[in-house]
Amino acid sequence: MAVFNHPEFDNHEQVVFCSDKETGLKAIIAIHSTKLGPSVGGCRMWDYVADEDALVDVLRLSRGMTYKNAMAGLPIGGGKSVIIGNAKTIKSEALFRKFGQYVHSLSGRYISAEDVNITTADISIVHKETPYVAGLEGKSGNPGPFTALGTYQGLKAAALHKFGSASLQGLTVAVQGLGSVGFYLCEYLHKEGAKLIVTDINPDAISRAVAQFDATAVGLDEIYSQQCDIYAPCALGATINDHSIEQFKCKIIAGCANNQLKETRHGEVLRQKGILYAPDYVINAGGIINVYSEMSPQGYDEAWSTSKVMDIYSTLLNIFQRADAEQQPTNAVADLMAQEIIARGKK
Ligand SMILES: NC(=O)c1ccc[n+]([C@@H]2O[C@H](COP(=O)([O-])OP(=O)(O)OC[C@H]3O[C@@H](n4cnc5c(N)ncnc54)[C@H](O)[C@@H]3O)[C@@H](O)[C@H]2O)c1
């Protein structure tokens, strides 16, 4: 398995392979950049088919965190970790403590938090071995509601740019994934008077959305071809691909999922189709902003987090305007802006 020559390797500063036979821990920690500060990014547990898939995920996600943190205006770098295995069967106190020892061995160059399949309870076990964690219960807690608030602001910014009004009233939004972010997002949208089309692999989540938000449920693959104003991917990555793009009838894509574009070139395909894309790591930064608040010298401050999350609105408007002026896809402009911030370095 190539690392330095891997297509997803982007001059990551450090990639740590962690293994412990006794607890069954197999993990990879990737520190992409500490140029702006210690690298921060969640830990994901996933039953990867091959170790190679875990490496791809951690390399891409850690790079994404560098860009996300820079664009959110946070003085932190980008890192991520993945634990390989089935979250329903491999979790144990011993495994998370061992993972915590690995995190601790990096002396604060990487600070971990929750990501897919990792709960605040899991992170509190990691915390027994290292102070280098964030997102703890009783402090910033679940980042989902803050990610949802930022995503909601992102939809409004996109609506203003595309339709000339930030109001979502009367617009139809197709939401894919009703989890800890998607469901909160639906709540905001419903309150504002948007019409909702939803899908999820979990029938209970669908029933709740139909009952609470008067949403229309559709099948998993039907979500892409819905007649709607906005498609909001809030489940998986890579849902913007050749297969889905040919079905889209939306004018905006704005959702919280990470790594939404299957390939970078799909950003340009969207631009040519006249679909406005809100770059994923910009619109979904609400959670990391709230996590950072816990790490900041002033300590956790919900009001600070909320106001910083609201800034996602103007950051996206800047990206949209620059993309128009330079005739570039929004994802390329976001990358460029993040690179400019990183090049300027620590303030
Ligand atoms: N939680 C956060 O604060 C946060 C922050 C940034 C980015 N994200 C990203 O946002 C996305 C959602 O995060 P979350 O925390 O809400 O996760 P979650 O696990 O709580 O929710 C995901 C939802 O998607 C559903 N789902 C899974 N596969 C699906 C499919 N094929 N079609 C439709 N629905 C499907 C799941 O049943 C679940 O309800 C993820 O990509 C995550 O990486 C989350």
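A residue counts as buried if 20 or more other C-beta atoms lie within 10 Å of its own, as exposed if 12 or fewer do, and as partly exposed in between. The exercises below use this cut-off on a predicted model.

**Exercise 1.** Classify Lys 80 as buried or exposed, and state which residues it contacts.

Solution. 
- Location: Lys 80 belongs to strand β5, residues 77-84.
- Count: 30 other C-beta atoms lie within 10 Å of Lys 80, so Lys 80 is buried.
- Contacts: with neighbours within four places in sequence set aside, Lys 80 touches Ala 30, Gly 41, Gly 42, Val 58, Leu 61, Ser 62 and Met 65.
- Record: an unreviewed UniProt entry has the annotation "active site" covering Lys 80.

**Exercise 2.** Find the class of Glu 13 and describe where Glu 13 lies relative to Ala 30.

Solution. 
- Location: Glu 13 sits in the segment before β1 (14-20).
- Count: Glu 13 has 18 C-beta neighbours inside 10 Å and therefore counts as partly exposed.
- Distance: Ala 30 is 17 residues from Glu 13 in sequence, and their C-alpha atoms are 8.0 Å apart.
- Contacts: outside four places in sequence, Glu 13 is in contact with Ile 31, His 32, Ser 33 and Thr 34.
- Link to Exercise 1: Ala 30 is also one of the contacts of Lys 80.

**Exercise 3.** Describe the packing of helix α12 against helix α13.

Solution. 
- Approach: two packed helices are described by the angle between their axes and the distance between the axes.
- Geometry: the axes of α12 (residues 312-326) and α13 (residues 330-344) come within 9 Å and cross at roughly 110°.
- Class: angles of 65 to 115 degrees count as roughly perpendicular, and α12 and α13 are therefore roughly perpendicular to each other.
- Hand: the crossing of these helices is right-handed.
- Contact: α12 contributes Ile 319, Phe 320, Arg 322, Ala 323 and Glu 326, which meet Thr 330, Val 333, Ala 334 and Met 337 of α13.
- Composition: the contact between α12 and α13 consists of 6 nonpolar, 1 polar and 2 charged residues.

Key. Residues numbered from 1 in each chain as written. Predicted model: local features only at pLDDT ≥ 70, side-chain atom pairs only at ≥ 80, totals over all residues. Axes fitted to C-alpha atoms, helices over the stretch in contact; angles between N-to-C directions. Helix = DSSP H or I, 4+ residues; strand = E, 2+ residues; numbered from the N terminus. Parallel < 35°, antiparallel > 145°, perpendicular 65-115°, else oblique. Left-handed = near helix turned anticlockwise from the far one by under 90°. Contact = placed C-beta atoms within 7 Å. Nonpolar A, V, L, I, M, F, W, Y, C, P; charged D, E, K, R; others polar. UniProt positions renumbered as here; feature names shortened; annotations may be inferred.
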